[in-house]
Every structure is written in C-alpha cells, then in structure tokens.
Amino acid sequence: MGLDQISYGLIMQEIERVDSGLRSLCSVQGSLVMYPIWKYGNEEQRMKWLPKLAAGKMIGCFGLTEPDHGSNPSGMVTTFQDKGDHYLLNGAKMWISNSPIADIAVVWAKAENTEGRIHGLVVERGMEGFTTPTTHGKLSLRASPTGELVFDNVKVPKANLLPNKSGLGAPLGCLDSARYGISWGTLGVAMECYDTALRYSKERIQFGKPIGQFQLTQKKLAEMITEITKAQLLTWRLGVLKNENRATTAQISMAKRNNVHLALTVAREARQILGGMGITNEYPIMRHMMNLESVVTYEGTHDIHLLITGHEVTGLAAFK
Ligand code: TGC
Ligand code: FAD
C-alpha cells in the first residue's frame with residue numbers, strides 16, 4: 001500500500017493488542033511469505049501468488065525450523081535433488097504457524113547438488129507426498145494453528161524455486177522484517193495489559209479505597225508506563241532507521257528481545273493488580289501472558305537475541 005515502516009509497526013501494534021495469534025498470521029503472511037516471493041522470486045512467481053496472498057484469498061506459511069534444528073537452522077536436513085524436469089524434496093519442518101490451513105508453504109531446504117546451499121521453494125497444498133499434521137495441546141497462541149510440514153518424495157516444479165537469493169541469509173532476511181513487527185506488536189500487548197490494570201485499579205475497592213490509591217499499586221503502574229514509554233522510543237527510532245534503510249539485524253534483535261520481555265513483565269504485574277480476576281478469561285491479561293511464552297521463543301529465542309547483541313558489540317560469536 002506504500003505505507004512507511006512506522007505505519008506498518010503501528011498496524012502490528014493494534015493487531016497484537018487484540019491477540020498475538022492474529023499478529024502471527026499477519027507476520028507470517030506479510031513478512032515471511034509475501035516478502036520472500038517478492039524479494040527473491042521472479043516476476044512470474046510474483047504474479048502467480050502475491051495478489052491472492054495480499055487479498056487474503058490464499059494463506060501461506062514459512063518452513064525453516066526442523067525437529068532437530070530450531071535455534072540453529074543452518075544444520076537443517078531437509079534436502080532437494082535435481083531430477084531434470086523437477087526437484088525431489090524430502091524432510092520435515094516443525095512448529096510451523098498456519099501449516100494446517102496454508103495453501104502454500106515457503107520452504108527452506110538444502111540443495112544436494114550445490115554442497116548443501118539453502119534455497120527457498122514454494123510447495124503447494126495437494127502436491128503428492130506433502131502433508132501438514134496439526135500440533136495439538138498448545139496452551140499458548142491458541143488462536144493460531146501450528147503444525148508440521150512433511151515432505152515424502154514431493155515433486156516440486158522447477159518454476160517454484162525462488163531464484164534470486166540463496167544461503168541462510170535468505171530466510172534470515174525475512175526474519176528481520178517479522179522481528180521488527182513483533183517489536184511493535186508486543187508494545188500493543190503491554191499497553192492493553194497496562195490499560196486493563198489501570199481501569200481495574202480505579203474501580204476495585206479494598207480497605208475502603210480504590211486499590212489504585214495504594215502506593216504499591218501506583219508503583220506497579222508507574223513502572224509499567226515508564227518502561228512502555230522507553231520501549232516506544234526505542235521502537236520508533238528503529239522505525240526511523242528502517243525507513244532510511246539503516247536498521248541493522250542486531251538493532252532489530254535488541255528491540256525484539258527488549259519488547260517481548262517488557263510485555264511479559266507488564267503482563268505479570270498487571271495480572272497481580274487484578275488479583276483472582278486476573279486468572280480468568282473475563283480479562284485479556286492471562287491470555288496475553290500465555291501467548292507471550294511463544295513470542296519470547298519464536299523468531300529467535302530471548303537468549304539467541306542476547307547472543308546476537310553480544311556478537312555485535314564484541315565481534316565474537318558465542319553461538320557455537
Ligand atoms: P551466520 O553465520 O551468522 O549467518 C549466516 C549467513 O546469513 C547472514 N545473515 C543475515 N542475512 C540477512 N539478514 C539477517 N538477519 C542475517 N543474519 C545473518 C550472514 O551474514 C551469513 O551470510 P554469508 O553470506 O556470510 O553466508 O549464521 P549462524 O548459523 O551462525 O546463525 C546465527 C543465528 C543463531 C543468529 C541464526 O541462526 C538465528 O537467528 N537463529 C534463530 C533461528 C530463528 O530465528 N528461527 C525462526 C524461525 S521462523 C519463526 O519462528 C516464525 S514464527 C512466526 C509467527 O508465528 O509469528
Ligand atoms: P532450541 O533451539 O532447542 O532451544 C531450546 C533452548 O536452548 C532455548 O532456551 C534456547 O535459547 C537455548 N539455546 C539454543 N542454542 C543456544 C545457544 N547457542 N546458546 C545458549 N542457549 C541456546 N518456525 C518456523 O520456521 N516457522 C514458523 O512459522 C514458526 N512458528 C512457530 C510458532 C510457535 C507457536 C512456536 C512455539 C514456534 C514456532 N517456530 C516456527 C519455531 C521457532 O522459531 C523455534 O521454536 C525457535 O527458533 C527455537 O527453536 P527450538 O524450539 O527448537 O528450541
């Protein structure tokens with residue numbers, strides 16, 4: 001739509017204020033499916049998939065994580081072989097948002113004939129040997145379906161390989177955009193939890209006074225709004241840098257890590273202000289808190305983002 005990065009961020013903020021699962025849907029569709037097709041695909045691929053994805057007539061998912069390779073995607077074992085007129089894809093992906101409902105999957109796999117270089121392939125529902133079992137029993141992000149992607153000798157047409165970038169940098173480049181969206185989105189969660197607790201503190205009477213009149217409640221609320229304001233400034237500045245194409249991966253990591261942690265802290269404090277009511281689904285706080293346990297893990301865990309920051313400031317990688 002031609003909007004700038006801060007507008008995009010504000011949209012993510014308001015969507016995640018509703019539910020992180022809804023923002024997940026938008027992050028995956030926009031940053032992780034449409035972005036690689038637009039950036040790494042050719043014109044034919046763009047015309048085939050982007051209009052339907054943009055209109056919401058088609059849902060996509062993004063397959064990077066594998067059962068044995070989460071934080072370390074470069075170890076992936078999903079591979080494809082060149083069979084002349086098609087590629088033969090084998091392997092499995094796990095923890096994939098929207099896999100059970102997706103029409104297409106952008107899948108990252110190693111090419112057997114180019115010494116294991118990673119490429120993106122678009123795999124379409126209905127291709128023989130391609131299944132998407134649902135992951136059951138999630139107590140977090142329940143509004144967002146999660147599943148696997150299983151490839152058993154799937155014949156993928158050569159026209160479905162994204163030709164314009166290969167290597168781990170290709171999927172990681174998509175993550176920059178999605179992690180930026182999470183930075184804004186989790187501010188929406190923090191603001192919703194803070195607002196809920198503030199309203200409740202003025203209405204709930206104990207010891208003859210609104211609980212908001214006690215200094216300990218005010219301490220919680222004052223600290224929440226201070227931290228939210230600091231995070232808004234961090235995120236706004238990142239948006240300015242992104243508009244100027246100057247935001248780095250490490251800066252995005254810092255904001256994702258800081259803001260998810262901030263939202264978790266605010267949610268836990270806000271829940272306490274609601275007392276017993278805080279654990280019910282009459283209020284949104286507990287649902288947000290449970291959702292954030294996924295958000296702090298996906299798109300790079302809290303500790304992986306710390307290591308990305310550590311790498312940036314010392315020049316020394318501590319991942320392995
Ligand atoms: P490393 O050697 O650091 O990098 C490999 C190559 O990639 C380049 N690169 C990037 N390029 C573009 N953008 C970035 N953000 C990049 N980060 C790195 C890098 O320059 C290098 O290029 P080249 O040309 O030299 O080969 O790679 P490493 O194997 O040491 O790994 C580094 C590490 C640990 C930071 C990385 O693997 C990582 O970020 N791990 C976390 C995994 C992760 O975030 N997975 C997310 C899965 S998708 C998901 O969770 C979606 S949830 C969606 C939802 O529901 O909202
Ligand atoms: P692991 O990598 O096994 O990590 C376990 C623990 O070990 C973590 O605390 C981690 O920080 C720590 N650890 C790992 N390596 C190190 C290290 N070097 N130093 C210190 N500590 C370390 N993936 C996709 O590809 N697409 C999706 O759409 C998607 N959606 C998801 C939706 C949900 C609800 C969830 C929960 C996950 C989703 N993921 C998706 C996967 C997500 O990106 C991974 O869960 C995440 O990258 C972590 O991988 P893992 O779960 O295998 O944990």
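1. A word on classes before the count: Ala, Val, Leu, Ile, Met, Phe, Trp, Tyr, Cys and Pro are taken as nonpolar, Asp, Glu, Lys and Arg as charged, and the others, Gly among them, as polar. Sorted in this way, the shell around ligand 1 holds eleven nonpolar, eleven polar and five charged residues. The model is predicted.

2. How many residues surround ligand 1? There are 27, and the closest are Ser24, Ser97, Asp176, Arg179 and Glu299.

3. Several polar contacts to ligand 1 can be checked by eye. The side chain of Ser97 has an N or O atom 2.7 Å from an oxygen atom of ligand 1. Tyr298 places a polar side-chain atom 3.3 Å from an oxygen atom of ligand 1. With Leu172 the backbone is involved: one of its polar backbone atoms is 3.4 Å from a nitrogen atom of the ligand. As for cover, ligand 1 taken alone exposes 1200 Å², and the protein buries 70% of that.

4. The space that ligand 1 takes is the largest pocket. Helix H2 (20-40) and helix H4 (169-203) are the elements that give two or more residues to the shell around this ligand. Which of the elements gives the most to that shell? Helix H4 does, with six residues. In terms of domains, the shell around ligand 1 draws at least three residues from domain 1 (14-164) and at least three from domain 2 (170-314).

5. Turning to ligand 2, the residues that surround it number 17. Phe62, Thr65, Ser71, Trp95 and Thr301 are the closest. By class, this shell has eight nonpolar, seven polar and two charged residues.

6. Backbone atoms supply the following contacts to ligand 2. A polar backbone atom of Trp95 is 2.7 Å from a nitrogen atom of the ligand. For Phe62, a backbone N or O atom lies 2.9 Å from a nitrogen atom of ligand 2. Ser97 has a polar backbone atom 3.0 Å from an oxygen atom of ligand 2. Ligand 2 taken alone exposes 970 Å², of which the protein buries 67%.

7. The space taken by ligand 2 is also described as the largest pocket. Two or more residues of the shell around ligand 2 come from each of strand S3 (86-97) and helix H8 (302-314). Strand S3 gives the most, with three residues.

Methods: Residues numbered from 1 in each chain as written. Chains lettered and ligands numbered in written order. Predicted model: local features only at pLDDT ≥ 70, side-chain atom pairs only at ≥ 80, totals over all residues. Heavy atoms only, no water. Near = heavy atom within 4 Å. Polar contact = N/O pair within 3.5 Å; in protein donor to acceptor, adjacent residues only side chain to side chain. Areas by Shrake-Rupley, 256 points an atom, 1.4 Å probe, with all protein chains shown as cover. 1 Å grid on protein atoms, 1.4 Å probe; cavity = no way out; pocket = protein on both sides within 12 Å on 5 of 7 lines; lining within 4 Å. Sits in = over half its atoms within 2 Å of the grid points. Helix = DSSP H or I, 4+ residues; strand = E, 2+ residues; numbered from the N terminus. Domains from an automatic or database assignment.
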